[in-house]
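I opened this structure to follow its charged side chains, and I keep my notes here in the order in which I looked things up.

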Amino acid sequence: MESVIWGYVLTGPGRPSRETQLKVMGYVGADMRNGGTVWEDDLPARATRPQSQLHERNFLLSNLSAGDRVHFASLLCLGVSPQ
C-alpha cells in the first residue's frame, strides 16, 4: 500500500493565516484538490474544550496508516496541548 502525505491546517488566534498554511501544504506535496489529503479545523478565540473541537484532526489521526506522513505549517498548529 502506498503511503499518503497528509496536511493539517489549524486556524485561530496566534496561528499562521489559513492562506500561509495552505501554501505550506502545497509545498510539502499534500493533495490540495477538493477531497484531497488536507484537513482543517478552526479554533475559536475562547475555546473552552479545544480538544473536542478539533474534529478534522481527530478524524485524520484515526485514519493514518503505517508509512503515512502528516505535515503541519507550524508547531502551533499541532493542537493545543502536549498530547
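Entry 1. The model is predicted, and I began with Arg-18, which has a relative accessibility of 38% and therefore counts as partly exposed. I then asked which residue forms a salt bridge with Arg-18. The partner is Glu-40, and the closest N and O atoms of the two are 2.7 Å apart. Glu-40 also counts as partly exposed, because its relative accessibility is 30%.

Entry 2. I next looked up where the two partners sit along the chain, and found Arg-18 in helix α1, which covers residues 18–28, and Glu-40 in strand β2, so that this pair ties together parts 22 residues apart in sequence.

Entry 3. How many salt bridges does a search of the whole structure find? I noted two. Besides the pair of Arg-18 and Glu-40, I recorded one between Asp-31 and Arg-33, where the closest N and O atoms are 2.7 Å apart. For this pair I also looked up the accessibility: Asp-31 is partly exposed at 23%, whereas Arg-33 is exposed, with a relative accessible area of 63%.

Entry 4. I turned to the strands and saw that β1, made of residues 5–11, pairs with β2 in the parallel sense over five bridges. As one of the positions to check by eye, I took Gly-7, whose bridge partner in β2 is Val-38.

Entry 5. I stayed with strand β2, which spans residues 38–42, and moved to Asp-41 within it. Is Asp-41 buried or exposed, and what is its nearest side chain of opposite charge? I found Asp-41 buried and without a salt bridge, the nearest side chain of opposite charge being that of Arg-57, 6.0 Å away.

Entry 6. I then asked which backbone nitrogens the side chain of Asp-41 reaches. I recorded the backbone nitrogen of Glu-56 at 3.1 Å and that of His-55 at 3.5 Å.

Entry 7. Last, I listed the contacts of Asp-41, leaving aside its neighbours within four places in sequence. Among them I noted Tyr-8, Val-9, Leu-10 and Thr-11, and also Gln-53, Leu-54 and Arg-57. His-55 and Glu-56, whose backbone nitrogens the Asp-41 side chain reaches, belong to this list of contacts as well.

Definitions and conventions. Residues numbered from 1 in each chain as written. Predicted model: local features only at pLDDT ≥ 70, side-chain atom pairs only at ≥ 80, totals over all residues. Heavy atoms only, no water. Helix = DSSP H or I, 4+ residues; strand = E, 2+ residues; numbered from the N terminus. Buried < 20%, exposed > 50% of the residue type's maximum accessible area, 1.4 Å probe, protein only. Lys, Arg positive; Asp, Glu negative; His and termini not counted. Salt bridge = Lys/Arg side-chain N within 4 Å of Asp/Glu carboxyl O. Polar contact = N/O pair within 3.5 Å; in protein donor to acceptor, adjacent residues only side chain to side chain. Contact = heavy atoms within 4.5 Å. Pairing = 2+ DSSP bridges.
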